Amino acid sequence: MTAGQRADRSESFGEALLGEVLDRAHELPPHLIGPLVADVVERLGGRRPQVLLQDYGQLLLVPLPGDGLTDGEPQVIDHSEAGRCFLDARPVELPEDDGVRILLPLLDGGDQVGVMAVTLDSIDGDDRRIFRRVAGLVADLLVTKHGYSDLFFGVRRGEPMSIAADIQWALLPPLAMIMPRVAVAGILEPAYHVAGDSFDYALNGDVLHVAMIDAMGHGLDAATMATVAIGAYRHARRAGIGLPEIYAFMDRAVADQFGPEHFVTAQMLQLDTTTGHLQWVNAGHPSPMLVRDHRVTLRLTGPTTLPVGLGGPEPQTSEMKLEPGDRLLCFTDGLIEEHGAGEEEFGEDQLIDWVNQLERTGRGIRAVARSLSHTLKRARGGHTTDDATLLLVEWRG
């Protein structure tokens, strides 16, 4: 371009359409996301638009209601094409009598919100590009507007939820984060009655911060204690202090609020995503497992201190160097201590066997975390009398 010439700033059709959505987005009421999607799809030559949201149990994809959107029955994630799109986070194209049905993952920061579906007469590269961008914008709208309405909560709730579980879900970060150097994926069971288990993470610059906790007891008391523990962890983490100091801050917060004989087991980790250098402290929590080359190779053992709230000595920081592709499995004791009727504990050996089997499938971290939790629940005979939470962390190098 020569001096004095202006770059072409005219809008193409696709840019104009997406720009119109962006211009309207900040004032868009949550219940009008569906009609907006239907309008955009119609103007792009599509029909029968559908937005499917993941339920809290991570078993179903549930249609979002709205004028212009196609309704229908919830679809089982493990046995549907929409579920395949959801788990693999990739578009799926299905030939139909009147055209092509395209299913697109709704992704936000790697977290899988759900699936968008639309039917076209035919499909080419331009269609794929613009509908992929529309799906990305719809995912952002759903996440942004979630905090302003109970609409999406009502769609995703497949059964009555306890007050304790409601508190825990409000406390959680997104269940998954997929970034170039690092990925995180977690799941809580029982989804509608979880109480004392929780986890948190934050990617601050090149450092991933992770915490997993298990508050003693059940019900609302455990949920309240977990809320204080996670709140104290976030406050201390944001102050930029080290892991031993974070433990001390959490310990004082729980002890001051709940008094003696109340405690929270905790595991706090920091991962340098540029080098793979991992540090952790353990406060009476089950040791994480290292998965390397699709097998559990070791436990992240090391010095431990007392659970948060019991005034333990300053914890020693353990450390190791990860290799690209390594995964860390953090979990609470409910995952391995469940008993069947008259049977022994589920145990770590069975957990390791299932991890190794699922890792050999080569699926992404989000699909493995979900499959592992559901597989373990089935292996325990469907019993979950205690919270059973897991979190996978992958260093991608």
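Where is the place of Thr301? Thr301 sits in the loop between strand 14 (295–299) and strand 15 (304–305), with helices (H or I, at least four residues) and strands (E, at least two) being DSSP runs numbered from the N terminus. Everything here comes from a predicted model, where local features need pLDDT of at least 70, side-chain atom pairs count only at pLDDT 80 or more, and totals for chains, interfaces and linings use all residues. Residues are numbered from 1 along each chain as its sequence is written, and side-chain values use heavy atoms, leaving out hydrogens and water.

**View 1. Thr301 and its contacts.** Thr301 counts as exposed because its relative accessibility is 55% (buried is under 20%, exposed over 50%, partly exposed in between, with a 1.4 Å probe and protein chains only). Leaving aside residues up to four places away in sequence, Thr301 touches Trp280, Ser287 and Ser318 (contact means heavy atoms within 4.5 Å).

**View 2. Helix 1 meets helix 2.** The axes of helix 1 (residues 13–25) and helix 2 (residues 33–43) come within 11 Å and cross at roughly 170° (axes are lines fitted to C-alpha atoms, for helices over the stretch in contact, with angles from 0 to 180 degrees between N-to-C directions). On the helix 1 side, Phe13, Leu17, Glu20, Val21 and Arg24 make the contact; helix 2 brings Leu36, Asp39, Val40 and Arg43.
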